[in-house]
Amino acid sequence: MMDAKFRMLQVVAISTLGLGALLMLPDPSIAAEASGKTASEPAAATVTFARDVAPILQARCQECHHVGSMAPMSLVSYEETRPWAKSIRQRVILRQMPPWHIDPSVGVQKFKNDMSLTAEQISTIVRWVDSGAPLGDPKDMPAPKQWPAPNEWKAAKELGQPDLVIKADPYTMAAHHQDVWWRPVSSIPITEPRWVRAVEMRPATAAGRRITHHAVAYLVQDDNPDSLAPTASSDVGGRGMLMEWAIGKGYDLYRPDTGKLLLPGAQISWDVHIHAVGEEIRDDVELGIWLYPKGQEPKYRTYLTGFQAIRGFESSTGSQTRVGRNVDIPPNSIIASDNYTVLKHAAILENFQPHMHLRGKAMEVEAILPDGTVQVVSYVGSFNFNWMVNYIYADDVAPAFPKGTTIHVTAWYDNTHANPNNPDPDQWVGFGDRTVDEMGHAWMNVTYISDEDYNAWAAKHRPKLEADASSRP
Ligand code: HEC
C-alpha cells in the first residue's frame with residue numbers, strides 16, 4: 001500500500017513538473033528493478049535499448065507502432081527508434097503516449113485493457129535517452145513480436161472468427177470536404193432471437209481508419225417496451241446501441257453470463273463520422289458479431305448507454321417529441337456542464353469512454369447512492385479529442401450500484417488558446433454533431449442485475465470500499 005502511494009506521488013511529480021523532474025527522484029532502485037538488478041549495482045549508466053527498452057516498446061508501443069499499423073512510425077528496430085528518442089522521452093514523461101489518460105488516483109483503478117507505463121518503465125526510457133540512447137549488446141534483443149495481419153479481427157485470437165459480419169454501404173470521402181455523417185442501414189440475418197457475446201467494429205481498410213473519426217452501430221428492433229434500459233428518459237441517448245467505435249478502440253467482450261439480445265428483423269443503423277484528410281478515400285465500416293451458442297441464454301442483459309453531461313429539453317411538433325440539448329461555451333472560456341441520470345434498476349457499470357469534441361478537457365462520473373453517499377467512478381483529467389479511449393473495468397472491480405442511484409456526469413470544455421486542439425478560441429461553441437460543435441456523454445455498458453444480486457455483490461465489496469474510503473488522508 002505504502003509502495004503504491006509512493007509510486008503514485010512519483011507519477012504526479014512526473015506529470016506536473018514535466019521534464020527534469022525525474023532527475024530529482026530517488027529512483028536508482030527503480031531503474032534497477034526494471035532491468036532486473038539489485039539496488040546496489042550501478043544501474044544508471046547501463047540502460048540499453050536491446051536489454052531494457054525494446055521489451056517495453058514491445059509490450060506497450062508496437063501494437064500501434066509497427067509497419068502497417070495506425071501510428072506514423074515504427075518503433076521495432078533500434079535503427080527505426082533511435083531518431084525518435086527525444087520525442088519518445090517527452091511523450092512518455094507527459095503521459096501522452098501510450099494514449100491512456102484516465103486519472104489513476106481516483107475511482108476504479110484496475111482495467112482489462114490498461115496500456116499505461118509504470119513509473120519504473122518511464123524512468124528506464126528517460127535514462128536510456130539521457131545516456132545517449134545506446135543500443136547495447138544486440139544479443140540482448142528480445143525475439144521480435146508477431147502481429148496479426150491488419151485485416152484480422154482483434155478478438156479472433158480469443159474467440160475465433162465472428163459468426164456474423166455486417167457491413168455498412170461504402171462511402172467515398174473527397175480529399176477536401178466538411179465532416180460527413182454517413183447513416184446507411186443494414187439488416188442482421190437472423191431468424192430467431194440470438195444473444196451476443198462480443199462485438200468488434202472497424203473501418204474495413206487502413207486508409208479508412210484515417211478518415212473515420214468514430215462510428216456508432218445503433219440496434220433497431222422491436223423490443224419489449226418495458227425494457228430495463230433507461231432510454232425513455234431524456235437524459236440518455238434515445239436508441240439502443242450495439243457498439244461505438246473510435247480510433248484506438250478494440251472489441252467489447254461481455255463478462256460471463258452477460259450479453260446483448262438480437263431479435264429477428266433487427267437492423268443496424270449506422271452513424272459514421274467521417275473527416276477529410278487531403279486525399280480521396282473510399283471505405284466501409286464493418287461489425288463482427290460473436291454469438292452465444294443457439295439455445296444458450298445468458299443471465300444478464302447489457303446495454304450501451306450514453307450518460308449525458310449536457311442537459312436536455314423537449315420540444316414537440318404535432319405528435320412528435322424531440323429531445324434537444326443545450327451547452328453554451330463563450331469564446332476564450334473554460335466551462336463545466338453536468339447532468340443526472342437515475343438508474344431504474346440495480347446495475348454494474350462495465351467501462352467508461354468519455355466522448356467530447358475538440359474543446360473537451362475533462363470528464364468525471366460520480367454515483368450518488370440512495371443513502372446519500374457519493375462515489376467517484378472515474379475521472380479523465382486530460383481528455384484528448386484524438387484519442388477516444390475506452391477504459392474497461394476489470395471484472396472484480398467493475399462497480400455495482402443499487403436501484404435509485406444517480407449517475408452524475410460532469411464535462412469540462414476548454415475554449416482558450418491553452419487547448420492545443422482548439423481551432424479558434426474566438427468562436428462561440430454550442431451543441432452539435434460537427435467536431436467544431438460540442439457534445440458530452442460517458443459511454444458505459446450497463447448490465448442490469450436483480451436486487452438480490454446487488455445485495456450479494458454489496459456484501460462482498462462494500463466493507464472493502466468503506467475501509468478504503470476511511471483510510472484516505
Ligand atoms: C493505441 C496506439 C498507440 C500506442 C499503444 C502508442 N502509440 Fe505512439 N502514437 C500513436 C499515434 C496514432 C500517433 C500519432 C498521433 C498522435 O501523436 O497522437 C503516435 C505518436 C507518437 C509519438 C509522436 C510522433 C511525432 O510525430 O512526434 C511518439 C514519440 C510516440 N507515439 C511514442 C510512443 C511510445 C514510446 C509508445 C509506448 C510507450 C507509444 N507511442 C504507444 C499510437 C500509439
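Predicted model: local features only at pLDDT ≥ 70, side-chain atom pairs only at ≥ 80, totals over all residues.
The chain has nine helices and 24 strands. Of its 473 residues, 37% are buried. Among contacts with a separation of 6 or more, 82% join residues 24 or more positions apart.

**Helix α6**

Helix α6 covers residues 119-130. The buried residues are A119, Q121, I122, S123, T124, I125, V126, R127 and W128. After α6 comes G132, which has a positive phi, near 90°.

**Packing of α5 on α6**

Helix α5 (residues 85-93) packs with α6 at an angle of about 150°, and the two axes are 9 Å apart. The two helices are therefore roughly antiparallel, since an angle over 145 degrees counts as such. The crossing of α5 past α6 is left-handed. The residues that make the contact are set out below.

| Helix | Residues in the contact |
|---|---|
| α5 | A85, K86, I88, R89, V92 and I93 |
| α6 | I122, I125, V126 and V129 |

By class, this contact has eight nonpolar residues, two charged residues and no polar ones. Among the α6 residues in the contact are I122, I125 and V126, and I122, I125 and V126 are also listed as buried.

Key: Residues numbered from 1 in each chain as written. Axes fitted to C-alpha atoms, helices over the stretch in contact; angles between N-to-C directions. Helix = DSSP H or I, 4+ residues; strand = E, 2+ residues; numbered from the N terminus. Parallel < 35°, antiparallel > 145°, perpendicular 65-115°, else oblique. Left-handed = near helix turned anticlockwise from the far one by under 90°. Contact = placed C-beta atoms within 7 Å. Nonpolar A, V, L, I, M, F, W, Y, C, P; charged D, E, K, R; others polar. Buried ≥ 20, exposed ≤ 12 C-beta atoms within 10 Å, placed from the backbone.
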